[in-house]
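Me: Hi! I've got a structure open and would like to go through it with you. Shall we start with the strands?

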Amino acid sequence: MSTSTIAQKIWSYCDTLRDDGLGYNDYLEQLTYLLFLKMADENKSKYNLPDICNWKELISNSGGSLLEQYEQILKTLAESGGMLEKIFANAQNKIHDSVKLRRLLQLIDEDNWSSTNSDVKGEIYETLLQKNAENSGAGQYFTPRPVIQAMVECIKPIPGETIADPSCGTGGFFLGALNYIHENNKLSEDEENFLKFDTFHGWEIEKATARLCLMNLYLHGIGDLQKTPDIQVSDSLNPKKVNKEVPKVKIVLANPPFGKSSSDVPTTDENQAKKDGYFFRQDFWVTTSNKQLAFLQHIVAMLEEDGRAAVVLPDNVLFEGGAGEIIRKKLLEETNLHTILRLPTGIFYAQGVKSNVLFFEKKKNYDKIGTKEIWFYDYRTNVHHTPKNNPITFKHLSDFVESYEVGKKNERKESWTIDNPHGRWRKYSYEEIIGRDKANFDLFWLRDDNTIDLDNLPNPELLIDDIIENIESALANFRTIKDSLC
């Protein structure tokens, strides 16, 4: 049976449980618990779980005590330490119909999970995560995997480098980097151990999402029951909440959450930091309640000397005034912001999301200005995708990856010229950027084919889709601005 068929079989049962008020996120969480118990039963010597956590006894329980038995298992695992405790922390049973729980147990029991390799198990779980993103309303936080692949192909992680994501979600960027490293390197035992236990560092503010991330990594061979990957359930912007300094890493891959201001505001003012709702960040350039602008500063602070980053950010970061202008100018000065990929709408499961990928490097010392020029790739103008009918694929971004010319930035060639105005790859000098109002990065040069031309009207359906996306994007930007003012 194919991985997509197995995933679809398990996922389809969610519709039955929805009648009892179980949401998609809750269903995926319960699946996580049960999948782990099933795999533990298939490989007892490796897992060595407490006696009460017996899959065969659970699956054969046909009496009225099934719910009680399952709940006791969750409680026991939550107190077991190591990876178990992190995955099962505060775990609760949310399936309150024993008949339906028994049916779900039977569905999972039909397949042998441990006999499949980590790639297959991981792919099944990734498919479940994607289906959750499609249906749960949290789709803007699920970065399209082709976008992750393109970012990783450009960053080119190598064995022994530390990789961080300060808003790691379910771990998509980590898995993209993991796949790239395995596909492009023959690892020594030491390198494999470093990859398994010390490479990845993530922060996720939602406990349930962090749980999914840990399970996702575990199914892909990262961590074991004694030593877990460094995934912290905390607000990475506020290191003092967990009494840790901001770590220094070689690579940051991230898609910080869109559209919401921080509940606690990072400030560069020590006196303001003494007030409720603020915390001190000496390594920030400016105080801001805009979460994306705060994350951008945080990511720069995280990078080691010669560190590099690829970060998905919404359009408002490219043009917002005030703190946004200060941050853009400092970013040009203190990093080499060499590339910006303009992404189209219609690639996230949440509509109207207009985003970009910023690629930059951090060095110890620059001669006054770190950025000499920014190369822009416009994969937005006249590009139309939808997650279901025309999803973005890596092939769509392959021209960008080739244009990026990894390791050969000095040999890049523009595809845009006066004679070829349709070229999507164009550079702007630091002087051209800094001379724009508020150092605005929101640059386009291609003619939009949907611009109203009475002699050549666009397809009405495409025009309506564009209007809807633009309205939703504008609303998202207004919400961000409103949150920043609060």
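Me: How do S1 and S2 pair, parallel or antiparallel?

Reply: Strand S1 (residues 163-165) and strand S2 (residues 200-203) run parallel, with three bridges between them. In that pairing, Asp165 has Gly202 of S2 as its bridge partner. Keep in mind that this is a predicted model.

Me: Thanks. And what strand order does the open sheet have?

Reply: The order is S3-S2-S1-S4-S7-S9-S8-S10-S11, an open sheet of nine strands with mixed pairing. At the edges are strand S3 (230-232) and S11, each of which pairs on one side only. On average, neighbouring strands are turned by 15 degrees against each other, ignoring direction.

Me: Let me look at the S10 end. Which way does S10 run relative to S8?

Reply: S10 and strand S8 (residues 336-342) run parallel, joined by four bridges. Towards strand S11 (residues 425-429), S10 runs antiparallel, with five bridges.

Me: Is S10 enclosed or open, and why?

Reply: Strand S10 (residues 373-378) is largely enclosed by the rest of the structure, because five of its six residues are buried.

Me: OK, helices now. Which strands does H10 lie across?

Reply: Helix H10 (residues 145-155) lies across strand S4 (249-254), strand S7 (303-314) and strand S9 (355-362), at about 155 degrees to S7. Helix H14 (residues 291-302) also packs on the sheet, where it touches S1, S2, S4, S7 and S9. The direction of H14 makes about 160 degrees with that of S7.

Me: How many residues of H10 are buried?

Reply: Eight of the 11, so H10 is largely enclosed by the rest of the structure. They are Pro146, Val147, Ile148, Ala150, Met151, Val152, Cys154 and Ile155. Their cover includes helix H11 (172-184), S4, S7, S9 and helix H17 (394-404).

Me: What do the side chains of Arg380 and Asp315 do with each other?

Reply: They meet in a salt bridge of 2.7 Å, N to O. Arg380 is in the loop between S10 and H17, while Asp315 is in the loop between S7 and helix H15 (316-319), 65 residues apart. Both Arg380 and Asp315 are buried.

Me: How many salt bridges are there in the whole structure?

Reply: The search finds 16. One of them joins the side chains of Asp26 and Lys94, at 3.1 Å from N to O. Asp26 is in helix H3 (residues 24-42) and Lys94 in the loop between H7 and H8, so the pair ties together parts 68 residues apart in sequence. There is also a network of salt bridges that links Asp26, Glu29, Lys94 and Arg211.

Me: What about Asn93, where is that?

Reply: Asn93 is in the loop between helix H7 (82-88) and helix H8 (98-109), and at 7% relative accessibility it is buried. Its side chain makes a polar contact with the side chain of Glu71 at 3.3 Å. A polar atom of the Asn93 side chain also lies 2.9 Å from the backbone nitrogen of Ile95.

Me: Last one: how many disulfides?

Reply: The count is zero. Cys168, for one, is in no disulfide, and the nearest cysteine sulfur, that of Cys213, is 4.1 Å away. The cut-off for a disulfide is sulfur atoms within 2.5 Å. Cys168 is buried, at 4% relative accessibility.

Key:
Residues are numbered from 1 along each chain as its sequence is written. This is a predicted model: local features need pLDDT of at least 70, side-chain atom pairs count only at pLDDT 80 or more; totals for chains, interfaces and linings use all residues. Side-chain values use heavy atoms; hydrogens and water are left out. Buried means under 20% relative accessible area, exposed over 50%, partly exposed in between (1.4 Å probe, protein chains only). Helices (H or I, at least four residues) and strands (E, at least two) are DSSP runs, numbered from the N terminus. A polar contact is a pair of N or O atoms within 3.5 Å; within protein, one must be able to donate a hydrogen and the other to accept it, and residues adjacent in sequence count only if both atoms are side-chain atoms. Two strands pair if DSSP finds at least two bridges between them. Axes are lines fitted to C-alpha atoms, for helices over the stretch in contact, and angles run from 0 to 180 degrees between N-to-C directions. Contact means heavy atoms within 4.5 Å. A salt bridge is a side-chain nitrogen of Lys or Arg within 4 Å of a carboxyl oxygen of Asp or Glu.
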